[in-house]
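Please examine the sequence and the structure shown below. The paragraphs that follow lead through a set of strands and aromatic residues.

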Amino acid sequence: MKTRILKIDRHNPDKGKMRAAASVIRRGGIVVFPTETVYGIGTNALSAEAARKIYKVKGRPSDNPLIVHASDMKMASKIGIFPKRYYKIVESLWPGPITFVVKARKTVPLEVTGGLKTVALRIPEHRVALELIRESGVPIAAPSANISKKPSATNAGHAMAYFSGKVDVIIDSGAASIGIESTILNLGTFTILRPGAFPAERIAAAFGRKPIIGVAASGIADADRASAPGMKYRHYSPDTPLFLYTGAPSGLAGSMAGIKGSIAFVGSDESCRILRGRCRTIRLGSRKRPGEIARNLFDGLIKLDAVGARFAVIESFSEKGIGLGIMNRIRKAANHTQFSTAAQLKKLAARLPEAGVRTAGRKGQERRDAASGML
Ligand code: TXA
Ligand code: MG
């Protein structure tokens, strides 16, 4: 399939290009489009057949439901049933990086909800996304634009690497301004199923009620209804084995001393400065600005694989505000393999095959599994 790339200015979208993309959605084709969180891979949410295509292209298990994107409350209310007492609050928080799980109306195909009686809904805060939905005249079902288990695309370049030749259109509107996915709140149980761009603290303030932060929040389990238990934990993963450093920033250099071979580090500008000259560093931004870390995180993880390091280390950040979402992604990317001392890192490194036998793709994943004791 030939993929059409449409460059569209996010502040002044070209009408003709928007119409072209919208007609692809309407007839059940696939359009990768920008949102403020990450890029989405979308299609007509009212078509079961179209939804099936998304699962296939992403390599996503069909019991893992999609998020339905609406352009206004009227459209959202045709898809899901909002508890009366929350309607005004939901309306005030949208458009924005928060997804609500509510009871689904019969209009939503089971393929979109993964067979559940609930549906995840969001109005994105991005002009191109909103105009695409409006122009299509239908809600758009869209998971994040990534091959299943890989880091989400935060710019069109990432999306092209994943989906060129596999989707009808990729819209390029530059880098996503937030960089991690929306927060998912189940309005029935008032539980955060996935922490993300919208801080839990702001949910509490808006609703006057503290959300339950599910086990999913830390990244230890997932809102995803995954098919196999071990699969549940792996997400946002680079092919390069990644270990999470959980100690204090001051101990980082010491804990990485004595490791031989090509290693890379992904982390704050501050830590990269300390490690400069000792290993390849991928800078995510200043530790003082969590928004910057979020914006660069997936890009950093995607860049990591181009380095070709034997393994990489990533560091921990505060879990306040958007930090909870950041750490959720990082823990999963590191496959929950963590260390805080030089001795622990040495042990993890010793479990990896020798340098020089690095292979990509599935083999790389097997190597990661072996390192974390999952095989
Ligand atoms: O920021 C975002 O949310 C992006 C952009 C494109 O909007 N989308 C996104 O979609 O991250 P996706 O498919 O990668 O993540 C959707 C998550 C999955 O973890 C899925 O299991 C969960 O939402 N989900 C969807 N419907 C659900 C439901 N009815 N109940 C529980 N979880 C649900
Ligand atoms: Mg996703």
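Which residue in β10 is the bridge partner of Phe100? The model considered here is a predicted one, and in it the partner of Phe100 is Leu185 of β10. The two strands concerned, β6 and β10, pair in the parallel sense, with four bridges between them.

Strand β10 comprises residues 183-186, and both of its faces are covered. In a regular strand, side chains alternate between the two faces of the sheet. Here Thr183 and Leu185 are buried on one side, while Ile184 and Asn186 are buried on the other. Strand β10 is also joined by three bridges to β11, residues 191-194, and these two strands run antiparallel. Within this pairing, Asn186 stands opposite Thr191 of β11. The hairpin of β10 and β11 has four residues between its strands, and Phe190 takes a positive phi near 50° there.

Phe100 and Phe190 also belong to one aromatic cluster, together with Phe82, Tyr86, Tyr87, Trp94 and Phe207. Beside this group, Arg85 may be noted: Arg85 lies over the face of Tyr86, at 4.6 Å from the ring centre.

Across the whole structure, a search finds eleven aromatic pairs. The rings of Phe82 and Trp94 are edge-to-face, because their planes stand at 90° with the centres 5.8 Å apart. Phe82 is located in the loop between β5 (80-81) and α4 (87-93), and Trp94 in the loop between α4 and β6 (98-104); the pair therefore ties together parts that are twelve residues apart in sequence. Phe82 and Trp94 are both buried.

Technical notes: Residues are numbered from 1 along each chain as its sequence is written. Chains are lettered from A and ligands numbered from 1 in the order in which they are written. This is a predicted model: local features need pLDDT of at least 70, side-chain atom pairs count only at pLDDT 80 or more; totals for chains, interfaces and linings use all residues. Side-chain values use heavy atoms; hydrogens and water are left out. Rings of Phe, Tyr and Trp (its six-membered ring) pair if their centres lie within 6.5 Å; planes under 30 degrees apart count as stacked, over 60 as edge-to-face and the rest as tilted. Buried means under 20% relative accessible area, exposed over 50%, partly exposed in between (1.4 Å probe, protein chains only). A charge sits over a ring if NZ of Lys or CZ of Arg is within 6 Å of the ring centre and within 35 degrees of the ring normal. Two strands pair if DSSP finds at least two bridges between them.
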